Amino acid sequence: MSVSEQSAVSELPHGEARTIALCNQKGGVGKTTSTINLGAALAECGQRVLLVDLDPQGALSAGLGVPPNDLTLTVYDLLGKSAPHIDEVLIKTTVDNMDLLPSNIDLSAAEIQLVNEVGREQSLRRVLDPVRERYDYILIDCQPSLSLLTVNALACADGVIIPMECEFFSLRGLALLTDTMEKVRERLNPRLELSGIVVTMFDARLLHARQVMARVGEVFGDRVYETVISRTVRFPDATIAGEPITTWAPKSAGAEQYRALAREVLAQSR
Ligand code: ADP
Ligand code: MG
């Protein structure tokens, strides 16, 4: 089977995908886990989903069972000068309706190469434009920094979801992120909006977790999703299995929580 036969959820024109960047310059807050599982939950609802790995660590690719270091073509190649056709890079995931644009450590070179390009902030937009009509949702998993790659994600997104670990100090740094979003909105992408903050790794037994939740509600009000993702080892376990929790443990609380988040995200687009 050729690569192009493996790929592509659908060739039919289908309106423009809603593009959402999952962004937080702090590492380990649940960006990649949320990208995989929100994507899988949206796909379960019949939405056509594309996940974009925009972190050179390649954790999104690995978490979907695609070994990053075995890849010959990645997002890095698409951002380069003699880019292949996007269909040569797209990979069909084990989840129906869900495709992946994978990455690996090669992507770390893109940052340096893009710096001298004209329109360097719009490079990812140019990569994704040809496939926007094939999908209902494009979810971009950002790296843990406010780098040029992250700015590229913000420049082509309609919305930003900020996953936030339910810990003291989690609110630190969010002002810097919202300032960056504001600058991108003014200078590059007037459509950009905060879709919402999703609290992850919540442990209701801990007083401090409940206090952090209350504080997040005070600061961000209705910009916080009602759905809260609990802390459970099932997430790291599913990652090792290379599957979303929605297929690895479909009846688990974690799977249900990401389905609830998907319903909230769907309701926002209507
Ligand atoms: P990021 O992409 O923001 O760096 P990850 O999604 O990779 O964060 O999550 C960091 C680590 O925490 C991973 O090992 C992941 O499996 C684990 N993790 C993510 N969400 C949860 C959760 N709700 N409960 C427990 N562990 C989680
Ligand atoms: Mg990550």
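How far does a backbone N or O atom of Gly30 lie from an oxygen atom of ligand 1? In this predicted model, the distance is 3.0 Å. For Lys31, a polar side-chain atom is 2.9 Å from a ligand 1 oxygen. For Thr32, an N or O atom of the side chain is 2.8 Å from an oxygen of ligand 1. As for the surface of the ligand, ligand 1 taken alone exposes 560 Å², and the protein buries 78% of that area.

Let me widen the view to the surroundings. Ligand 1 has 15 residues around it, and those that come nearest are Gly28, Lys31, Thr32, Thr33 and Ser230. Two helices, α2 (residues 31-44) and α10 (residues 234-241), each contribute at least two residues to this shell. The space that ligand 1 takes up is the largest pocket.

I now turn to the cysteines. The structure contains zero disulfides. Cys142 is in none, and its nearest cysteine sulfur, that of Cys23, is 4.2 Å away.

Are Cys142 and Cys166 buried or exposed? Cys142 counts as buried because its relative accessibility is 1%. Cys166 also counts as buried, at 2% relative accessibility.

Definitions and conventions. Residues numbered from 1 in each chain as written. Chains lettered and ligands numbered in written order. Predicted model: local features only at pLDDT ≥ 70, side-chain atom pairs only at ≥ 80, totals over all residues. Heavy atoms only, no water. Disulfide = S-S within 2.5 Å. Buried < 20%, exposed > 50% of the residue type's maximum accessible area, 1.4 Å probe, protein only. Near = heavy atom within 4 Å. Polar contact = N/O pair within 3.5 Å; in protein donor to acceptor, adjacent residues only side chain to side chain. Areas by Shrake-Rupley, 256 points an atom, 1.4 Å probe, with all protein chains shown as cover. 1 Å grid on protein atoms, 1.4 Å probe; cavity = no way out; pocket = protein on both sides within 12 Å on 5 of 7 lines; lining within 4 Å. Sits in = over half its atoms within 2 Å of the grid points. Helix = DSSP H or I, 4+ residues; strand = E, 2+ residues; numbered from the N terminus.
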